[in-house]
Amino acid sequence: NNLNEKTIRIINSQNFIHLNFDLNKIEKLDTKMFYEAFKLNFLYLKSNRINKIEEDTFLNMKALFELDLSQNFIGKLEEFTFKNLVRLKYLNLSSN
């Protein structure tokens, strides 16, 4: 697949509950990517090229239940990266 950061911003303006961006070429998650994803429950970003996640990327995602960031290139996370994910039950960061 060839989704990138700009494509996600366009998709983000919809009221999706489940998004699967596995196996793409996403390199960075910034604060604007999911800014309006209030209803999103499931987000899958497995097997991309993610190496940076800005601290407020998930700021408005209070409904998120499951997040898969496995098989990327994440080497460091900011202390409060996931602080607003109050409903999060599953987080996969394996193979980073």
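Ground rules, quickly. Residues are numbered from 1 along each chain as its sequence is written, and side-chain values use heavy atoms, without hydrogens and water. The model is predicted, so local features need pLDDT of at least 70, side-chain atom pairs count only at pLDDT 80 or more, and totals for chains, interfaces and linings use all residues.

The chain holds one helix and six strands. Those are DSSP runs, numbered from the N terminus: helices are H or I, at least four residues; strands are E, at least two. The order is α-β-β-β-β-β-β. Of the 96 residues, 41% are buried (under 20% relative accessible area; exposed is over 50%, partly exposed in between; 1.4 Å probe, protein chains only).

How many salt bridges does the whole structure have? One. The term means a side-chain nitrogen of Lys or Arg within 4 Å of a carboxyl oxygen of Asp or Glu. Lysine 28 pairs with glutamate 54, closest N and O atoms 3.2 Å apart. Lysine 28 is in strand E2 and glutamate 54 in the loop between E4 and E5, so the pair ties together parts 26 residues apart in sequence. Lysine 28 is partly exposed, at 32%. Glutamate 54 is partly exposed too, at 22%.

Now aspartate 68, in strand E5, residues 66–68. Beyond four places in sequence, aspartate 68 has contacts (heavy atoms within 4.5 Å) including Tyr44, Lys46 and Asn92.
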